[in-house]
Amino acid sequence: MAATPPTSDSLAIFPKDVATKVIKEHIAAVGECDLLKATPAVEEAVNSLVESGKKEEFASESLELGAGVWEVFYMPHIRTIAEPLGVAVKPLRYTIMPNGEITSDVQYDAGSIPLVGRNWLSSGGEVRAKSAADVEITFDSFWVGGAPEGGGPRADPSSGSEADRRPLDGLINSVGKAGFIQDIATFPVLYFSAEDDLCVFKFPPLNSAIAAYRVGPAPPA
């Protein structure tokens, strides 16, 4: 049975060091960053980090010091959609390079939904500062599918050889570009700690926080 999503009613506020410990111990106990397994304590910890920070320079700091592989462990609006459908969403990963290139990879498993199955959805583009408090992302490449050797997503087919491309790549890329809305791709950075590898940013259309943990360094360019 799926866990009941946490609510924001009567949430406690922890000191920053306690909130950080709660999050890292939760990720260690789960063994991965799984946004469907966020507990009420994790939600309290995320809110506590936001309350402890509140400075406008988080966006510029996150771009200066945020290169690496980040995985989302808290994203309540996606959980609200995925859980009733029985869809697993993990990992939801952002790879940020020192030059601002960003790749988003999400693996979904909709085994209970006929003809949907399990696959990777990916997009690539650029992240940049829009202000000291906000980052803006532009995705201009979209693709689907896992790597031939399994275990992870494909690389961007547009940057590979002709042999790496699949028949539907062009159509998928065109659909992704048509569906990307630049006007809602600005994200306030609510908390960032390079030392603790934690970041919280806001998805303004749904007034929802998203929290991610840096699981590794950026790959070689």
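1. Basis. The model is predicted, so local features need pLDDT of at least 70 and side-chain atom pairs count only at pLDDT 80 or more, while totals for chains, interfaces and linings use all residues. Residues are numbered from 1 along each chain as its sequence is written, and side-chain values use heavy atoms, with hydrogens and water left out.

2. Fold. The protein chain has 5 helices and 8 strands (DSSP runs, H or I of at least four residues for helices and E of at least two for strands, numbered from the N terminus). Their order along the sequence is α-α-α-β-α-β-β-β-β-α-β-β-β. Of the contacts (heavy atoms within 4.5 Å) with a separation of 6 or more, 58% are between residues 24 or more positions apart.

3. Burial. Of the 221 residues, 44% are buried; buried means under 20% relative accessible area, exposed over 50%, and partly exposed in between, with a 1.4 Å probe and protein chains only.

4. Thr20. This residue is found in helix H1, residues 16-30. Thr20 counts as buried because its relative accessibility is 7%. Leaving aside residues up to four places away in sequence, Thr20 touches Leu49, Asp196 and Leu198.

5. Helices H1 and H2. H1 packs with H2 (residues 40-53) at an angle of about 145°, the axes being 9 Å apart. Axes here are lines fitted to C-alpha atoms over the stretch in contact, and angles run from 0 to 180 degrees between N-to-C directions.

6. Salt bridges. The whole structure holds 10 salt bridges (a side-chain nitrogen of Lys or Arg within 4 Å of a carboxyl oxygen of Asp or Glu). Lys21 is exposed at 52%, and Glu25 is partly exposed at 48%. Arg79 and Glu83 pair at 3.4 Å, and both are buried. Because they are 4 residues apart in helix H4 (residues 76-85), Arg79 and Glu83 are separated by about one helical turn.

7. A link across the chain. Asp169 and Arg154 form a salt bridge at 3.0 Å, N to O. Asp169 is in helix H5 and Arg154 in the loop between E5 and H5, 15 residues apart. Both residues are buried.

8. Leu168. This residue lies in the loop between strand E5 (134-144) and helix H5 (169-179), and counts as exposed at 53% relative accessibility.
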